[in-house]
Amino acid sequence: MRADPAEYRLVSPGNLQAVLSLLAGEPAQWLLIAGGTDVMVLYSAGKLPKRKLINIWNIPELRQIELFPDRIRIGAACTYTALRRDDIVSREFPLLATAASWTGGIANQNRGTLGGNIANASPAADSLPALLVYDAELTLISVRGERRLAYRDFHSGYKQTALAADELIRDISLPRRFSGYVSHARKVGARNAQAISKVCLAALGQIANGTIRDVRLALGSVAPVPLRLNETERAVAGKKIEPSLLEMARKIVVREIRPIDDIRSTARYRAAVAGNLVAEFLEKLAAAGANA
Amino acid sequence: MNSLPGMGAKCEFLIAVNGETKMVLAHPMERLLDVLRNQLRLTGTKEGCGEGECGSCSVLLDGMLVNSCLVPVAQASGASIVTIEGISVHVLMSPLQEAFLECGGAQCGICTPGMILAAVHLLEKKPEPALADIREGLAGNLCRCTGYMQIFEAVAKAARRRVAK
């Protein structure tokens, strides 16, 4: 059943403080809308539970990308297009730029936002594994003040987050210390654009003298939340990349993930692909080490 | 906060549509697509899926390609919108129209306005696109008739002609 616009309210306060005041006045009553690529889909289908929305598309504070010597700070309402166009994001955070390039199509990249992807909390979101491996930190803000939260602590379960009812995500900070890493991003899906992933990988690593020095692996669509593969990382760190290590890594990946059967794929297929993608990355890392 | 509209209230929005400023009275959550088609009678913009997957409702919002089914009209307030009707005077229109015709790039026509908008958006940024650029630029626009190859060919042909001039 299509939604009746007369039954909804959408206000455009135009500045961050006014947005926060509204949220504080009636916590949990309001839904924030930025580019609308998730909210409007639910709305049109008549499946949007909240009837009161706050427009944050036109809040300038949320649209900035700021550069500091040690980090980049991305406003939560920056679009995928803005991320793709940013030189530093492309150069130093290629996993994020790549994920942005295969999120939706161009029209959705022009509207979809990084903060929206985080708040929507889909375990299949393309950009979220990249945020995990880059050690992203979120700034959450309310009239009570602001707090920093490591992104890895944000998702507590399927579509469950640490965001309080009166809070919004103001920005996402990424430390600028990964530009020397070998990086690998892969999306496996029906097609790149406009298709939700069956499995997606973001991986970073360093290799010296044939030995893995630091490795950071995250997968989407294999668990109720975007998943960092802590166990697999620990198991391969300090090791030489050889066939037996790839086999061991595959087994640990499969043990660590919790994939399900759904309309896009099966748990069995996802487990096989997840292992393959991690092995593929380790081979790429080995090749980079051999060429160094 | 008294200035904020209440539940069920219509509001006035000023929107520049194809170069002409229009005053629209609408519920803020009305879809830009519906305002364009039903109030402004600009029915060249089509509704396909209604969920941002197919690109049939593509328009330019302040020069950016967007799916108008996913834009609440309140977010178009003060913005400049270009629809397929507005593109008819664009310098790229004739080359694209001719090339779509010659290459068989249009059949049933539902996707065509969106394809043209996406092609204009692409060619304004990349006058000489590679096939990969065209595929990417049009990836958000679905066509169930042509199989896409004729459309890609048409966009490439229009680009070549435009550059040659």
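Analyst: Helices (H or I, at least four residues) and strands (E, at least two) are themselves DSSP runs, numbered from the N terminus. Please keep in mind that this is a predicted model, in which local features need pLDDT of at least 70, side-chain atom pairs count only at pLDDT 80 or more, and totals for chains, interfaces and linings use all residues. Residues are numbered from 1 along each chain as its sequence is written, and chains are lettered from A and ligands numbered from 1 in the order in which they are written.

User: Is β12 of chain A mostly covered or mostly open?

Analyst: Strand β12(A), residues 199-208, is mostly covered, with eight of its ten residues buried. A residue is called buried if 20 or more other C-beta atoms lie within 10 Å of its own, exposed if 12 or fewer do, and partly exposed in between, with the C-beta atoms placed from the backbone.

User: Which residues touch the most other members of the largest nonpolar core?

Analyst: That core has 140 residues, and those touching the most other members are A:Ile56, A:Leu96, A:Val133, A:Leu219 and B:Ala119. A nonpolar core here is a set of buried Ala, Val, Leu, Ile, Met, Phe, Trp, Tyr and Cys residues joined through C-beta atoms within 7 Å. If we set aside neighbours within four places in sequence, A:Leu96 is in contact with A:Leu83, A:Val89, A:Ser127, A:Ala130 and A:Tyr134, where contact means that the C-beta atoms of two residues, placed from the backbone, lie within 7 Å.

User: Switching to chain B, what is its secondary structure?

Analyst: Chain B has six helices and five strands, and from the N terminus on its elements run β-β-α-β-β-β-α-α-α-α-α. Its radius of gyration is 17 Å, close to the 15 Å that the globule rule gives for 165 residues, so chain B is as compact as a globular protein of that length. That radius is taken over C-alpha atoms, and the globule rule is 2.2 Å times the number of residues to the power 0.38. Of the 165 residues of chain B, 48% count as buried.

User: Where are the domains of chain B?

Analyst: Domain 1 of chain B covers 11-87 and domain 2 covers 93-164, with bounds that come from an automatic or database domain assignment. Taken over C-alpha atoms, the centres of these two domains of chain B are separated by 22 Å. Their contact takes 15 residues from domain 1 of chain B and 13 residues from domain 2 of chain B. On the domain 1 side, β3(B) gives the most, with three residues.

User: How many residues does each chain give to the contact between A and B?

Analyst: Chain B gives 30 residues and chain A gives 24 residues. On the side of chain B that touches chain A, β4(B) gives the most, with four residues. By class, that side of chain B has 15 nonpolar, twelve polar and three charged residues. Here Ala, Val, Leu, Ile, Met, Phe, Trp, Tyr, Cys and Pro count as nonpolar, Asp, Glu, Lys and Arg as charged, and the others, Gly among them, as polar.

User: One last thing: why does B:Glu30 count as buried?

Analyst: B:Glu30 counts as buried because it has 24 C-beta neighbours inside 10 Å. It lies in the loop between β2 (20-26) and α1 (32-39) of chain B. Leaving aside neighbours within four places in sequence, B:Glu30 is in contact with A:Pro5, B:Val35, B:Pro72 and B:Val73. B:Glu30 and B:Pro72 are 42 residues apart along the chain, while their C-alpha atoms are separated by 5.5 Å.

User: And B:Gly147, buried or exposed?

Analyst: B:Gly147 counts as exposed, because it has 10 C-beta neighbours inside 10 Å. B:Gly147 is placed in the loop between α5 (131-137) and α6 (149-164) of chain B.
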